[in-house]
Amino acid sequence: MKKHVLGVSALSTFLLLSACAGGSDESTSSGVSSEGVSADEIVLATMSDAVSMDVHMTNDIPSANMQVQVYEKLFTLDENSEIQPQLAEDWETVDDVTWEFKLREGITFHDGEPFNAEAVKANFDRILDEDIASPRAVQFEMVDSVEVVDEYTVRFNLKYPFAPLLANLTNMGGSIISPAAIASDYEAIENGGEPGSYINENPLGTGFLEFESWSPGEEMTLVKNEDYWDGEVAYDSFVFQIVPEGGTRVANLETGYAHIIDPLAPNEAARVEQMDGASLATQDSVGLNYIGFNTEKEPFDDPKVRQAVSMAINKEEIINGIYDGYGEVATGPLAPVIPNAADIPGLEYNVEEAQALLAEAGYEDGFDTTIWTNDNPQRMDIAVATQDALSEIGVNVEVEVLEWGAYLEQTGEGMHDMFILGWSNQNANADTGLYPLFHSSQIGSAGNRFMIQDEQLDGYLDDARQTTDEAEQEQLYADAQERLIELSPAIYLQHQTYLAGHLDEVEGFWMNASGLYQLKDVEITE
């Protein structure tokens, strides 16, 4: 049985998914039925639906996995996680705070609107519009203005030098929407609609697939863009089927009702490996799984309590018991392969020290709290494991499971006590891994669901993204990571890897280091 490795990046290899939940117990070898398979329509069974198809108004992987097929960016990451031009074809730095981009000519949006400098300006003006309140704005906070030089040249004027600008432009937040759709969305707002209401129903980009239909919670269908500037895809349509149960997704692959399934738990992966006619695919990532605290709510407004709870959790037991031994224990928020990730020991597992810290904080008898998760099977298992572990130090935890969209909305509003989530770090740098999650300006849906506000930490992160001195930047990021150990807004659990399954007839499918599906070169072969 073939085992395909997606991409050739040198990032750490650790698995995202659990061996204990969401999977099937079947381990016998079986063959794949050809029933349902079509070369013209490709079906991918996935666990979660998109929250919205407005790429500027979302910040989650399930949404991005559908959006990335419809929209394109000025730059993208290849299978080696290296930056490559996409809608831009060239660029130059005029000075430390001025970047000019030459755009590709002859490209049109799905509605026939021309792609040009005016379209780029309209998009970044929208992202930075405070009235729109885009959760993606943090990725371009350093942009002071976007200026049209000529039809196919656009200039970014920055507030301060920011060397990783190209990397940030590879993020999904930099995706370019049809300017006509943006205008219609603003018109809808004027008539009482919410930002993104029009674009969500009319997602118009320049991508190789076009939006056709969406039954929320069931499936979304995208179709071939026959006028795509970089060549047509080899299929007519692509269907994302929402299949929450892992065992059902595996069965769909086995019977041929799905060409690709994602995600897989380790025991499901073993079943796929034993199938005749199907293969397992993996992708390294720089992501982080974590348990977060709402630092604005008692008792988690006390760092001693957060440290105590952190020290009561045995991360190795979670990885061994829930992830079947796959995964690397995280000591901080950045994966070791990320530049400027500091080699700093985190808080060690120590139940006695945890109890002592709770007593110092005035909670020697413990307290009652809740932990939230969405319906991801591994996260639900982590919630139960946390409930069991904290009972050892007198903390009574109630587990609550929320639907994905409600989960993101309510944690963004700070309605939780503890919660379980992850961060993909789309461009694998320290700024993306730290600033959106922990800077006080990003409280809420932008990323800082810990509600953490710390002037010292803010100072480190602000200075690090503005300096051009590499040694100074390295020290600032080290200081920030040390401060995050002290503050303990989260329990940094694990750096992961993604698993997917596909029929052997499927060629050209891969995921990038953020877990985003790359479907341009997918085809069904004999």
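**Entry 1: Ser 424**

I started with Ser 424, which sits in the loop between β20 (418-423) and α13. For the names I use helices (H or I, at least four residues) and strands (E, at least two) as DSSP runs, numbered from the N terminus. This is a predicted model, where local features need pLDDT of at least 70, side-chain atom pairs count only at pLDDT 80 or more, and totals for chains, interfaces and linings use all residues. Residues are numbered from 1 along each chain as its sequence is written, and side-chain values use heavy atoms, with hydrogens and water left out.

Is Ser 424 buried or exposed? Ser 424 counts as buried because its relative accessibility is 13%; buried means under 20% relative accessible area, exposed over 50%, and partly exposed in between (1.4 Å probe, protein chains only). I then listed its contacts (heavy atoms within 4.5 Å). Leaving aside neighbours within four places in sequence, Ser 424 is in contact with Ile 61, Val 286, Gly 287, Tyr 498 and Ser 514.

Next I went to Tyr 160, in the loop between β9 and α3. Tyr 160 has 8% relative accessibility, so Tyr 160 counts as buried. Not counting residues up to four places away in sequence, Tyr 160 touches Val 97, Glu 141, Met 142, Arg 465 and Gln 466. With Glu 141 there is also a side-chain polar contact of 2.7 Å. By polar contact I mean a pair of N or O atoms within 3.5 Å; within protein, one must be able to donate a hydrogen and the other to accept it, and residues adjacent in sequence count only if both atoms are side-chain atoms. I also checked Val 143: Tyr 160 and Val 143 are 17 residues apart in sequence and 8.3 Å apart in space, C-alpha to C-alpha.

Val 233 lies in the loop between β11 (219-224) and β12 (237-242). Val 233 counts as buried, at 5% relative accessibility. Not counting residues up to four places away in sequence, I found Val 233 touching Phe 208, Leu 209, Lys 224 and Lys 520. Gly 174 is 59 residues from Val 233 in sequence and 23 Å away in space, C-alpha to C-alpha.

At the start of α2, I found a side-chain oxygen of Asn 116 within 3.2 Å of the backbone nitrogen of Glu 118. Which residues of α2 are buried? They are Ala 117, Ala 119, Val 120, Asn 123, Phe 124, Arg 126 and Ile 127. Their cover includes β7 (98-103), β8, β9 (153-158), α3 (165-169), α4 (179-190) and α5 (197-201).

For α15 (residues 470-487) I checked the length: at 1.5 Å a residue, its 18 residues should span 26 Å, and the end C-alpha atoms are 25 Å apart, which agrees. The expected span is 1.5 Å times one less than the number of residues. Asp 469 caps the N-terminal end of α15, with a side-chain oxygen 3.0 Å from the backbone nitrogen of Ala 471. The buried residues of α15 include Leu 476, Tyr 477, Arg 483 and Leu 484. The buried residues of this helix pack against α8, α13 (430-438), α14 (455-466) and β21 (490-495). Just after α15, Ser 488 has a positive phi of about 50 degrees.

A reminder to myself: most residues other than glycine have a negative phi, and most peptide bonds are trans. Which bonds did I note as cis? One joins Asp 262 and Pro 263, with omega about 0 degrees, and another runs from Glu 298 to Pro 299, with omega near 0 degrees. Pro 263 is in the loop between β13 (260-262) and α7, while Pro 299 lies in the loop between β16 (288-293) and α8 (303-311).

Ala 133 has a positive phi, near 55 degrees. I placed Ala 133 in the loop between α2 (117-127) and β8 (143-150), and Ala 133 counts as exposed at 51% relative accessibility. Asn 340 has a positive phi too, near 75 degrees. Asn 340 is in the loop between β17 (328-329) and α10 (351-360) and, at 24% relative accessibility, counts as partly exposed.
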